[in-house]
Amino acid sequence: MNLGNCPRCGKLFANNFRDICPSCIKDIEKEYEKCLEYLRQEKLATIQEVHEATGVSVKQITKFIKEGRITVANNPNMMYPCEVCGVLIRENNMCDSCRTRLTRDLTAAVREEGGAKQAHDDRNHSGAYGAVDKFRNQ
């Protein structure tokens, strides 16, 4: 039997399919029901309004949205913060701006790596030894 500490409350418990203890699972389900009940009454509520009305953390509400338990389609003002910059978004983990910047930075890093590798290969194959290596490879 695998034992572990619940990351939410710290209690020792037998690990199950979810990595939190049974009492925290019940608490999370109660929080979910609170959010759902509030959103049934207030379809135009924002994530901050749901947090203030129910006492459920914004982080937990965001988790419900990402798990697909709370749909943004039925709640047009329900948005959560971008994980990088904090601007409110309706899908994914990052806003378009942060995703574009990440893509640009990764592309630049790949180009730099490719250029550095080419320069390294050029240095290793220059001179007499480089000529010998060229004949061996043919």
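Which residues is Met-78 in contact with, leaving aside its neighbours within four places in sequence? Taking contact as heavy atoms within 4.5 Å, I find Leu-39, Ala-45, Thr-46, Ile-47, Val-50, Ile-61, Ile-65, Val-72 and Arg-90 around Met-78.

Before going on, I note that this is a predicted model, in which local features need pLDDT of at least 70 and side-chain atom pairs count only at pLDDT 80 or more, while totals for chains, interfaces and linings use all residues. Residues are numbered from 1 along each chain as its sequence is written, and side-chain values use heavy atoms, with hydrogens and water left out.

**Layout.** I listed five helices and four strands in the protein chain, where helices (H or I, at least four residues) and strands (E, at least two) are DSSP runs numbered from the N terminus. From the N terminus on, their order is β-β-α-α-α-β-β-α-α.

Across the 138 residues of the protein chain, 24% are buried.

**Charged pairs.** Counting a salt bridge as a side-chain nitrogen of Lys or Arg within 4 Å of a carboxyl oxygen of Asp or Glu, I get six of them.

Glu-31 pairs with Arg-8, with the closest N and O atoms 3.0 Å apart. Because Glu-31 lies in helix H1 and Arg-8 in the loop between strand S1 (3-5) and strand S2 (12-14), this pair ties together parts that are 23 residues apart in sequence. Glu-31 is buried at 16% relative accessibility, whereas Arg-8 is partly exposed at 39%.

Arg-69 pairs with Glu-29, the closest N and O atoms being 2.7 Å apart. Arg-69 sits in the loop between H3 and strand S3 (80-81) and Glu-29 in helix H1, so the link spans 40 residues in sequence.

Asp-96 forms a salt bridge with Arg-99, at 2.6 Å between the closest N and O atoms; the two are three residues apart in helix H4 (residues 96-124), which means that about one helical turn separates them.

Methods. Buried means under 20% relative accessible area, exposed over 50%, partly exposed in between (1.4 Å probe, protein chains only).
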